[in-house]
Amino acid sequence: MTIELAPGHKVELMLSSPLILASGMIGYGDARARALDISYCGAWVTAPIGLAPRSGPPTRAVEISGGIVLSETGQNPGVERVLRRYRALWRRMEIPTIARLWGSAGEQAAVAERLETAQCVAALELAPDEDVGPDG
């Protein structure tokens, strides 16, 4: 089975499975357990990547009416450090890498440009505006 993630887009992304590992499930690829067979997945999403390093409390789950929302803090080492440490790993991954961007719209655009230059990700996942919470 092949799934086209962006039908009609000028750059297609074909996935071998509809299963995508959610943002941060295996960190930046470094937290992947040897027992985890990612060949069943169509792609995976990195932990958040910002323009500059950002510290803070870890990501947590927040219960809302109707489910759970992941509450991210944007904690990340910054795009340059992420690329230095993980670019080669991402190129070796058996499935496409989707980068989770973090920060303001302008910061996310700058990170996207840097990742495009590095040619190591297949797609981008944008973080919502920091001022918008679970209630909209």
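Where is Ser-16 found? Ser-16 sits in the loop between strand E2 (14–15) and strand E3 (20–21). Before more on that, some ground rules. This is a predicted model, where local features need pLDDT of at least 70, side-chain atom pairs count only at pLDDT 80 or more, and totals for chains, interfaces and linings use all residues. Residues are numbered from 1 along each chain as its sequence is written, and side-chain values use heavy atoms, with hydrogens and water left out.

Now the overall layout. The protein has 2 helices and 8 strands. Helices (H or I, at least four residues) and strands (E, at least two) are DSSP runs, numbered from the N terminus. Along the sequence the pattern reads β-β-β-β-β-β-α-β-α-β. Of the 136 residues, 35% count as buried. Buried means under 20% relative accessible area, exposed over 50%, partly exposed in between (1.4 Å probe, protein chains only).

Back to Ser-16. Its relative accessibility is 48%, so Ser-16 counts as partly exposed. Leaving out residues up to four places away in sequence, Ser-16 touches Met-1, Ile-3, Cys-41 and Gly-42. Contact here means heavy atoms within 4.5 Å. Ser-16 and Pro-96 are 80 residues apart in sequence, yet 9.8 Å apart in space, C-alpha to C-alpha. And across the protein, among contacts between residues at least 6 apart in sequence, 60% join residues at least 24 apart.

Next, helix H1. Which residues of H1 are buried? They are Val-79, Val-82, Leu-83, Tyr-86 and Trp-90. The buried residues of H1 pack against strand E4 (43–49), strand E7 (97–101) and H2. H1 also has a kink of about 55 degrees, centred on Tyr-86. The bend at a residue is the angle between axes fitted to the seven residues ending there and the seven starting there.

Last, the largest pocket. Its volume is about 400 Å³. Of the 16 residues lining this pocket, the closest to its centre are Val-11, Val-121, Ala-122, Ala-123 and Leu-124. Helix H2 (105–118) and strand E8 (123–125) are the elements that give two or more residues to the lining. H2 provides the largest share, 4 residues.

How is a pocket defined? On a 1 Å grid over the protein atoms alone, a pocket is an open set of points where a 1.4 Å probe fits, with protein on both sides within 12 Å along at least five of seven lines; lining residues have an atom within 4 Å of a point. Grid points are joined across faces, edges and corners, and the volume is the space filled by probe spheres set on the points.
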